[in-house]
Amino acid sequence: MADVETHDGPRAQFRAMTEGTQEDWSIIAGHFRGFASSVADRVLDHLRLLDGDYGGFPVDRLTHSLQTATRSHRDGRGETYVVMALLHDIGDTLGSYNHPDVGAAIVKPFVTEEEHWICANHGAFQGYYYFHYVGMDRNAREAFRDHKHFAACEEFCAKYDQASFDPDYISAPLEFFEPMVRRVMAKPLTGMLARLATD
């Protein structure tokens, strides 16, 4: 089918994917590249939603994220680690019951396997510091004891995550991390659509 020009450029014309043509998918791939290239903008915009959201904590969720990232950066961690640290709780607004899964899904194409695992499982490890106060098992992380990334996740929570609720800690501002986020999210390492970003 011939494409139709719209205000945002040409669009595919199939009504079901079984009708799609090479021309259709070339159009879609072109749109995908443009849309995907601005993922960092959308992620940073969503991160800003955590500003002023305290949820009863001593600092708001954005401040907690900035502290976690700042501590890891000052400790000499690489950019992908620091970006994971910055975004580890980004899922708090949309995934209140599974925020680690949301954050991990966002960072997965851009970070190492270990960093992704840390992000995906930090909730259980962070629970060591408070689950026993809310009627849960503080040793829930022990279910992962034999995993190769157990120590890395334990360290992330001990050194950066659980320590980042200090109203007096001077964090780097979000603007400091924006270039890192843009660099990391410009180069997907994995994911079934990562190839489209480089073609």
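A residue counts as buried when it has under 20% relative accessible area, as exposed when over 50%, and as partly exposed in between (1.4 Å probe, protein chains only). Helices are DSSP runs (H or I, at least four residues), numbered from the N terminus.

Welcome to this predicted model, where local features need pLDDT of at least 70, side-chain atom pairs count only at pLDDT 80 or more, and totals for chains, interfaces and linings use all residues. Residues are numbered from 1 along each chain as its sequence is written, and side-chain values use heavy atoms, leaving out hydrogens and water.

Let's start with helix 4: because 7 of its 9 residues are buried, helix 4 is largely enclosed by the rest of the structure. Helix 3 is largely enclosed too, since 11 of its 14 residues are buried. Here are the two together.

| Helix | Buried residues |
|---|---|
| Helix 3 | Arg61, Leu62, His64, Ser65, Leu66, Gln67, Thr68, Ala69, Thr70, Arg71, Ser72 |
| Helix 4 | Tyr81, Val82, Val83, Met84, Ala85, Leu86, Leu87 |

The cover over the buried residues of helix 4 includes helix 2, helix 3, helix 5, helix 6, helix 7 and helix 8. The buried residues of helix 3, in turn, pack against helix 2, helix 4, helix 7 and helix 8.

Leaving aside residues up to four places away in sequence, Leu87 touches Val43, Leu47, Gly103, Val107 and Met185, where contact means heavy atoms within 4.5 Å.

Terms used:
Helices (H or I, at least four residues) and strands (E, at least two) are DSSP runs, numbered from the N terminus.
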